[in-house]
Amino acid sequence: MTGRTSRLHRVRRLVPGRVTRGPEGRTKRGAQPKVVALGGGHGLSASLTALRRITGDLTAVVTVADDGGSSGRLRDELGVLPPGDLRKALAALCGDDDWGQTWARVIKHRFTSEGDLHDHAVGNLLIVALWEQLGDPVQALDLVGKLLGAHGRVLPMSAVPLELQALVRGHDPAEPDAVTTVRGQATVALTRGEVQSVHVVPEDPPAVPEAVAAVLDADWVVLGPGSWFSSVIPHLLVPELLEALQETKARRVLSLNLAPQPGETDGFSPQRHLEVLARHAPKLALDVVLADEAAVPDRESLTEAAKRLGAAVELAPVAAPDGSPTHDPELLAAAYDRIFRMHGRIGPWR
């Protein structure tokens with residue numbers, strides 16, 4: 001038995017008894033689904049904003065490879081996990097009442113100055129301060145969530161800050177056919193070349209045990225939307241987390257982006273997103289692929305790509321009505337709710 005497998009078995013002991021389960025591991029009628037959402041940045045925020053409308057049992061597992069902006073500065077200076085994507089997830093879980101919306105604005109607030117505080121987000125400083133006070137990133141995030149009245153829990157995917165590296169063809173326009181290694185999430189996200197693959201350093205990072213336990217205990221795992229190479233795929237590069245995603249009895253839904261991301265996935269079709277994901281995690285099966293119906297020009301090709309991952313395709317109008325490439329929270333919530341009800345479940349969650 002490998003050390004990694006041993007760690008995964010130890011994590012299993014963190015999973016509580018599934019007292020609400022019925023036959024075949026399904027949640028009994030009337031219970032809320034246990035949902036784990038994986039990602040980072042604005043894509044994960046969109047998913048969380050939708051999911052908190054349909055379940056009170058929600059956990060966000062957030063990438064920790066960000067190295068730009070306020071997060072990058074704090075990471076470099078203090079050696080901490082980058083707090084920015086964790087802060088965005090907490091803000092997305094804030095309620096719609098005055099308390100929740102006030103705190104969401106506070107933790108997103110950025111200072112404007114001529115000094116060292118310029119562009120630092122209040123929430124980033126709050127999170128890092130509690131990390132230093134408590135010495136436990138999970139306990140600190142739980143405390144921030146309690147302060148905000150967050151409708152769910154936020155966890156980092158790994159206990160150590162990660163460096164994202166990518167093999168990119170044509171990163172230097174002067175050498176369009178050369179494949180080079182590009183380092184850093186911020187650089188990968190903005191590359192003008194074609195990303196071939198990504199990996200993280202260290203190569204075998206430890207997963208946060210609570211994140212693994214949440215995946216193993218979930219009814220549904222939601223991956224995406226978000227920056228494909230820098231926010232979605234990194235979760236598959238943490239070995240214990242990938243093993244949990246492969247072994248969980250939860251159903252797995254992949255939520256596709258509304259449009260290719262300039263630089264990182266420029267020119268990608270919806271089906272190519274699936275092909276890239278499968279190259280990084282060839283043993284990972286999915287149950288449902290969710291896409292906006294207006295963003296899929298070739299439904300047959302997407303259906304075939306999804307079938308190779310074991311998944312059905314669900315098309316739904318989930319884009320904001322203003323035409324911007326952003327998800328509408330209510331429409332995305334309705335799509336998730338319909339998927340949770342229709343794909344193998346027994347009766348309403350609410």
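First, a question: does Asp 142 count as buried, exposed or partly exposed, and at what relative accessibility? Asp 142 counts as partly exposed, because its relative accessibility is 29%. Keep in mind that this is a predicted model.

Now its partner. Asp 142 and Arg 153 join their side chains in a salt bridge, at 2.9 Å from N to O. Asp 142 sits in helix 7, Arg 153 in strand 3, so the bridge ties together parts 11 residues apart in sequence. Arg 153 is partly exposed too, at 31% relative accessibility.

The count is 11 salt bridges. Here are two others.

Take Glu 194 and Arg 272. Their closest N and O atoms are 2.8 Å apart. This pair links distant parts of the chain: Glu 194 is in strand 6, Arg 272 is in helix 12, and 78 residues separate them. Glu 194 is partly exposed at 36%. Arg 272 is partly exposed at 26%.

Next, Arg 341 and Asp 337. Their side chains form a salt bridge, 2.9 Å from N to O. Both lie in helix 14, four residues apart, so about one helical turn separates them. Arg 341 is partly exposed, at 31%. Asp 337 is buried, at 10%.

Last, some helix packing. Helix 9 and helix 11 pack at about 10°, with axes 8 Å apart. That angle makes helix 9 roughly parallel to helix 11. Who meets whom? From helix 9 come Ala 211, Val 212, Val 215 and Leu 216; from helix 11, Glu 240, Leu 241, Ala 244 and Leu 245. By class, that contact has seven nonpolar residues, one charged and no polar.

Notes
Residues are numbered from 1 along each chain as its sequence is written. This is a predicted model: local features need pLDDT of at least 70, side-chain atom pairs count only at pLDDT 80 or more; totals for chains, interfaces and linings use all residues. Side-chain values use heavy atoms; hydrogens and water are left out. Axes are lines fitted to C-alpha atoms, for helices over the stretch in contact, and angles run from 0 to 180 degrees between N-to-C directions. Helices (H or I, at least four residues) and strands (E, at least two) are DSSP runs, numbered from the N terminus. Angles under 35 degrees count as roughly parallel, over 145 as roughly antiparallel, 65 to 115 as roughly perpendicular and the rest as oblique. Contact means heavy atoms within 4.5 Å. Ala, Val, Leu, Ile, Met, Phe, Trp, Tyr, Cys and Pro count as nonpolar, Asp, Glu, Lys and Arg as charged, and the others, Gly among them, as polar. A salt bridge is a side-chain nitrogen of Lys or Arg within 4 Å of a carboxyl oxygen of Asp or Glu. Buried means under 20% relative accessible area, exposed over 50%, partly exposed in between (1.4 Å probe, protein chains only).
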